[in-house]
Structure formats: structure tokens, C-alpha cells
Amino acid sequence: MAAFLDSLPPDQAGFLRAAGFAAKAGSVMLLPGPGGVAGAVLGLDDAALDSPWTYGGLPLALPEASVWRLASGADPMAATLGWLLGAYRFDRYRSRKSATPALLAIPPGTEAAVAQAHAICMARNLINTPAEDGGPAALADAVATVAARHGAQFDLIEGDAVATGFPALHAVGRAAAPGRQPRVAMLRWSHPGGDPADPLVVLCGKGVCFDTGGLDLKPAEGMRRMKKDMGGAAMMLALADVLMAAKTRLRLLLLVGAVENSVGPDAFRPGDVLRTRLGLTVEVGNTDAEGRLVLADLLAYGAEQRPALLLDAATLTGAARVALGPDLPALFTDDAPLLQCLLDSAKRVHDPVWQLPLHSSYDSWLDSSVADMNNVASKPMAGAVIAALFLRRFVPEGVPWAHIDTYAWNDTSRAGRPEGGECPGLRTLLDGVTAWLSTGRDRSGANSASVTHQSRDK
């Protein structure tokens, strides 16, 4: 601190000393100049210089509509990402738009940080948008927009093709109003100049654009934020966006199941038996456990493509939030090298996730007397584990697979993380995919799995 003060003009150094500025992590002090404000000083945490959250509070602390450049002391990548995430405002429905502080110039070499911020803010917008304007069609349109931006192939499955090819997903969304019927949005992309031997990464996102709970209706408080129940799809779309922007050497398939779990004459019912894409039958124990039905068909389709890596994300269970709170996405995988890869990435990029177990002894809790399985457990415990075990039945043995159970929301505003839609775990998956592929694991994808399902039951 003393050396830093000695480097400043005497009047600014004197001002900081008189104001008692002690460089506490996250503290900001404006510096006076002849024309008013000449600059600002940010206190840093030596242990987190490369964390975006170290810098994410700056846009809240600096004057509105002011313009800045990053000077000495900052990690350029972390500071750029933190600034851009902290400057985010969802003001689509406000008559007065926010005038946040701006960076005059993006530091050279931080293009990756800009791409990440762009993708995360896109996902935040999708999650924050009310269901009236953010239904299944709007979510599918968002996938189409990202596909067009990167020259990717976009396919939309709707109508009878959904009922035939994704029957469980269709059952969840079939009661929605006309124009809001279930659909599956697919994005396919290959690295420019790539070849068929490049590894295939499949991303699956739960896109329940509003969840009433179905006939097992949620209470009012439980329904309050259900516009965010497509947060997993928004997160996977953002991940695809960044992977394509970085020209990652891979083949990419994004699957978004866009549905609305509504109440109506055609709603699926407790006790119904649904057939899935894989052919397994599911007794509906609770219509509010719909996200796993959506993902089941997506995972089955993704596994048919014989991927080198299969990832899914969903706002799946309240049990994960009870266990881990809002900031820690639950990570499930029984692939030890993939687990270690993702945990290392989480630490490296300051984007924590926490492993919960795929405890096979609980598999029998999904037994049904009339179908191959139930969609909920026979016991009111371990809800997040049970949901992950349900999904695992749709992933063949040998496919590297990880499941993220996320909250996708900031309950309060913090540095770099405004209240509202969020993508915790996204940067971990981005770094993890890159690290996983760099090891050469299953690079061709040809030997990653047989398309013949190997049962994981019990």
C-alpha cells in the first residue's frame, strides 16, 4: 500500500491517506482531479486476483454513465469479465434504462472474456424474461439466433414428430396453449476445417419455460419464480455459444427441450404410464417431477449419437438447493476422470460446483409396480440423488456423462452477480470441456459407447 501511494501524485496520495483507504478487498475510492473525478482505486484480494468477482463490483461503485479504462494492478481477463458481468442490467421492461459505467476500450487479449460475458448475459436475459414473452417458441428462436450467428445448422422438431420421437417430453408439454406446444431445438456445429474424427460433445438443456407443477399444482410461492425453470437450457445454449466463438476443435450437438408444464384438459396425470424414447416406461408419481422426463428423451437421443462427452443441465430439484444453497450447482457423474477434470476447472476459474453421489443403493426407490420405473422416489429423501439416478438410466454404460442440478438465480445482488437469472457452473463446464478434450479422451467418439442400451438398474 505504501509503495502504491508513493506512485500517485501527492494530492491523490494525500486524499487516500486522509480518507483512511486501507485497500480492503472490494473497496473502491474515487480519486480527485482538476476536473472532478480523475480515477478510482480498487482494493484487491491477493488470493483472488484472477477471479472476476474481485472486479465485479466496480460498475456499481462508479458514477453512472462514466467512462473508464483499466490501469495497473488488474488481471486483464478477470477484470474485463467481472466488469462486464457486473454492468449487466435487465431493463427490458423499464421505461428508464440504466446508464452503467463503461469501459472505454477492452484490454487486448481479453476477447475470450468478452465472449463469455456476452453468452452469460444472453442466458441471464432468457431466464429473466417473463414466461408470457419467453415461451417454448421464444426459447427455440434463441437457439436459432445463436446457430445463425455461428453458421451452425438449426433444426426444430415440433408437432407429431415430438410425440413420436420424444414421447415423455411431449407428455409434459402437451397441455400448453396453442403456440406454446412442446418442441425440441437442435443446433449442430463443426469446427471450420474440421473432420468427422473430431470429438462429438452433446449438450442437453431442460427448457421448461414455466412450471405450474401440472396437476400436482405448486403453491403460489413455489410458482413465483418458475419462469427460470428453463435455466438449464439457457446455460447449455450459452456454453454452446462460447465453444463456437472460441472455434473449439470439436463437433457440437445442442438439444433444448422447450416445453411448458401447464394445467389443462390434456395435462398428463399422476398414475399415467409414459413411454420414453429409449423404450423404458415411466409411471408418473408426481407431475411436478417433469424436468427429468424432458431430459430423459434428450439424453437418450444424445447417447444415440455416440458422443465423446454428454452433459446436461437443469433446474431439477429443490433438494439440491436444500443441500447446497443457491450458489453451488450439484455435480453428478460416475466417471472419475471426468469428475476430477470438472472439479479442477471449478477451482481454476473460480466457479464452484459440488459433487453429490450417484448412490446406486437408492436405485430401487424408483421401482414401480406397473412400469419400468417411477419418476419419483418411494421415500421423501435424497431428492437430488434420486433425480440423477433416474437420468442415469437413459445414458448407456461407457458414455462420459455429467449432470448439473442448478438454481440459475441470484436471490440478491453481489459483485458481478446482479439479482435475477444466473449461470453458475457455466465457466466450469467451458474450461472442463476444453481440458477434457485436450487429454485426447475418446477423441473420435467412435468407441465411446454402443448405441445398445446397457441397463444401470439396481
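Hi everyone, let me start with strand β10, residues 281–283, which pairs with β14 in the parallel sense over two bridges. Here, strands (E, at least two residues) and helices (H or I, at least four) are DSSP runs numbered from the N terminus, and two strands pair if DSSP finds at least two bridges between them. Within that pairing, E283 sits opposite N374 of β14.

Before I go on, this is a predicted model, where local features need pLDDT of at least 70 and side-chain atom pairs count only at pLDDT 80 or more, while totals for chains, interfaces and linings use all residues. Residues are numbered from 1 along each chain as its sequence is written, and side-chain values use heavy atoms, without hydrogens or water.

Back to the sheet: it is open, has three strands in the order β9-β10-β14, and its pairing is mixed. β9 (273–275) and β14 (373–374) are at the edges with a single partner strand each, so one side of each has no neighbour in the sheet.

Now, the cavity. On a 1 Å grid over the protein atoms alone, a cavity is a set of points where a 1.4 Å probe fits but cannot get out, and lining residues have an atom within 4 Å of a point. The largest cavity has a volume of about 30 Å³, a volume being the space filled by probe spheres set on the points, which are joined across faces, edges and corners.

Which residues line the largest cavity? They are Q116, I120, L239, V242, L426, R427 and L430. Helices α5 (111–128), α10 (231–245) and α15 (426–438) each give two or more residues to this lining, and α15 has the largest share, with three.

Thanks, everyone!

Terms used: On a 1 Å grid over the protein atoms alone, a cavity is a set of points where a 1.4 Å probe fits but cannot get out, and a pocket is an open set with protein on both sides within 12 Å along at least five of seven lines; lining residues have an atom within 4 Å of a point.
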